[in-house]
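Subject: Handover of a structure and its aromatic contacts

Dear colleague,

I am handing over to you the structure shown below. Please look through it before reading the notes that come after it.

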Amino acid sequence: MKSDGPDSPFPIERRKSVAHILLERLVGAVPKEFITRLLERQQTIYQQAIAKSVDESWTTIEATNVLPYIRRGFCESEFRKAGIECGLKTFDMPHVGENCSCVMIKANGLILTEHYVDGPGQFVRDAESRKQNAAVNKWLDEFVDERLLIHPLPKIGRKPIYLNVLHGGHFANSDTDSLTIDSASCFLRFAIPEEGSKKYLYNWSAQEVLLAYATAADTAVAPQAIEDKAQPRKKAQVLKLKKNAAGNIE
Amino acid sequence: MIGTPGFVGERLTQAREARGLTAVSLAELIGAKSTSISNYECGRQSPSREAMERLVIALNQPAAFFLRPMPPGEPADIWWRAMSSATKSARGRAQARHAWLREIVAYLSEYVDFPAVNVPDFTLPVDVQQITTKMIEDIATECRSFWKLGTAPIADIVLLMENNGIIVSRGELEAESLDAYSQRPNDSEHPIVFLGSDKASAARSRHDASHELGHLILHRHVDAKNIRNPVLFKLIETQAHRFASAFNLPAQGFADQLWAPTLDAFLALKPHWKVAIAAMIMRCEQLGIINEDQARRSWINMSRRGWRRQEPLDDRLTAEEPRLLRRSFELLVDEGIKTPEQIQSDLMLNAADIESLACLAPGYLSGEAPDVAAMPQLRESLRSGTGNVLRFTPRRG
């Protein structure tokens with residue numbers, strides 16, 4: 001397929017909106033392995049957090065209470081490890097209130113932080129530090145409402161973008177005390193919050209992002225085009241009969 | 001009473017079954033006794049001129065159709081993707097229409113050459129119970145290699161089949177329990193595949209096409225008696241399903257692209273592979289990517305999302321349309337070999353039946369505009385007034 005250049009992961013035909021350019025930016029800045037590693041480890045991390053929360057010295061109620069804090073520790077640690085392994089810059093950024101810190105990853109102008117949320121579209125809990133981070137997305141506001149009308153498409157260049165890496169998953173069975181995470185319910189998403197940190201401008205599933213990698217790099221799995229050879233041909237005797245008929249008329 | 005000389009009772013049975021009618025309901029339609037219908041069908045009696053006229057109207061076939069002898073050498077019925085729950089009426093209807101399809105193919109074969117049959121022939125056990133899963137997986141891989149498909153998604157399975165001499169037709173089977181069927185009468189004739197369009201799912205139709213291809217390849221030498229044995233028939237169906245899975249989702253290509261066996265990942269891959277999410281879950285289980293328990297949870301989650309009733313993207317993916325029969329008729333007409341009227345007269349079939357079986361545009365042969373449902377219109381009183389135009393105030397700078 002025709003592409004926009006050697007570095008462009010998208011064919012021109014698919015470049016229809018600002019969303020594509022932003023996704024292209026993400027795909028170009030973050031190695032695919034970063035995402036696959038998070039996906040592969042996601043359920044295990046949740047399960048480890050659950051195992052750590054359960055203790056003989058307290059009941060399931062206490063375990064449920066401490067679980068979010070322990071899970072946050074595991075997730076932040078995993079996020080940092082994945083960043084380091086994939087050659088990305090990782091930072092421990094203190095929150096504005098200096099009550100705790102969070103792991104921040106920077107990749108070619110993209111700023112990523114991870115957040116556990118209840119659902120794929122749920123917004124991250126309000127925090128001053130996140131609002132401040134999201135302020136870098138102010139320049140994006142002008143594109144959002146008319147993303148499909150822009151032509152030619154804007155040049156985004158290396159402007160900074162703040163992304164929330166959202167993830168979560170549900171227990172397999174809520175009716176029992178079984179504390180197993182249902183792998184099918186796990187999600188991982190890459191969302192760009194608006195400047196005021198009130199809503200997401202874009203919110204892609206990890207699968208959508210990975211498909212963008214696949215489209216970009218893996219030409220071997222592009223659909224196998226089938227040459228159209230389903231053409232009937234006139235039989236030789238039909239041609240002969242037709243010629244004879246024409247001769248008789250003449 | 002004078003009957004209709006040359007009346008062929010089997011044609012009456014065929015037309016009645018094609019319209020999904022019982023002898024009793026047809027008798028009611030034409031105002032006759034059901035015994036009369038039975039007598040006409042088994043040749044004990046032929047219909048009077050009046051009864052014949054009523055049969056022509058009720059069954060929507062020209063009178064000549066009922067006088068046309070049945071083609072000689074009708075092969076044993078080889079039926080595949082007829083699910084065990086298919087009703088006798090549904091099967092009868094499909095069988096009758098299939099007979100017409102074969103007559104259309106035979107007619108066209110007098111004037112045109114279809115692409116040569118190029119389907120690989122593998123040495124497989126005649127006893128279906130000896131065909132193993134590994135054999136099926138290997139054969140699906142070899143088929144891909146034979147047709148130079150690599151491990152990528154196949155852009156158009158129907159075109160692939162037609163390119164290789166398989167006649168494909170697509171249309172409504174008007175039965176929930178019937179999805180598709182295929183037949184390979186003998187080595188000298190082109191295999192025929194019919195795909196039901198009732199389920200309105202392009203991904204499912206592709207699976208049906210590969211399923212029928214599986215029958216044509218895996219069960220080519222299987223004794224037709226096996227089909228009538230429910231246990232063996234079920235096994236035959238399972239084998240064709242496995243072939244379709246392996247052919248549509250090759251282990252290497254699919255597993256390389258699947259980053260996580262989740263519903264979201266399947267959904268993201270669906271437009272690329274044009275395969276149903278349900279088929280991907282099954283394939284993941286077959287390949288050991290997920291275990292039985294994970295598969296069960298995936299099915300539960302599919303139900304929760306309402307995807308078991310209708311999968312997402314089913315309304316967006318376009319079904320693959322057969323073109324070989326349509327092109328053959330177009331060739332006859334465009335080259336002046338036959339006029340649409342001559343085709344109808346030669347085949348002695350209702351034009352709409354020929355058009356639907358050959359995937360021609362409605363009205364191509366009959367010249368009649370297709371039936372279009374009348375759209376509701378505004379009452380005259382509401383239409384007479386002029387519309388209000390809203391004036392936009394210019395923005396102040």
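The notes below concern aromatic rings and the charges placed over them.

Please bear in mind that this is a predicted model. Over all chains, a search of the whole structure finds 14 aromatic pairs. One of them joins Phe243(B) and Phe247(B): the ring centres are 5.5 Å apart and the planes stand at 15 degrees, so this pair is stacked. Planes count as stacked when they are under 30 degrees apart. Both residues belong to helix α9 (residues 230–248) of chain B, where they are four residues apart, about one turn of the helix. Phe243(B) has a relative accessible area of 0% and is therefore buried. Phe247(B) likewise counts as buried, at 0% relative accessibility.

A further aromatic pair, formed by Phe254(B) and Trp273(B), is edge-to-face, with 6.0 Å from centre to centre and 85 degrees between the planes. This pair links distant parts of the chain, since Phe254(B) lies in helix α10 (residues 251–257) and Trp273(B) in helix α11 (residues 263–273) of chain B, 19 residues apart. Phe254(B) is buried at 0% relative accessibility, and Trp273(B) is buried with a relative accessible area of 0%.

Chain B also holds one aromatic cluster formed by Phe7(B), Tyr40(B), Phe65(B), Phe66(B) and Trp100(B).

Two arginines deserve mention as well. Arg144(B) lies over the face of Phe247(B), 5.7 Å from the ring centre. In chain A, Arg71(A) lies over the face of Tyr116(A), at 3.4 Å from the ring centre.

With kind regards

Definitions and conventions:
Residues are numbered from 1 along each chain as its sequence is written. Chains are lettered from A and ligands numbered from 1 in the order in which they are written. This is a predicted model: local features need pLDDT of at least 70, side-chain atom pairs count only at pLDDT 80 or more; totals for chains, interfaces and linings use all residues. Side-chain values use heavy atoms; hydrogens and water are left out. Rings of Phe, Tyr and Trp (its six-membered ring) pair if their centres lie within 6.5 Å; planes under 30 degrees apart count as stacked, over 60 as edge-to-face and the rest as tilted. Helices (H or I, at least four residues) and strands (E, at least two) are DSSP runs, numbered from the N terminus. Buried means under 20% relative accessible area, exposed over 50%, partly exposed in between (1.4 Å probe, protein chains only). A charge sits over a ring if NZ of Lys or CZ of Arg is within 6 Å of the ring centre and within 35 degrees of the ring normal.
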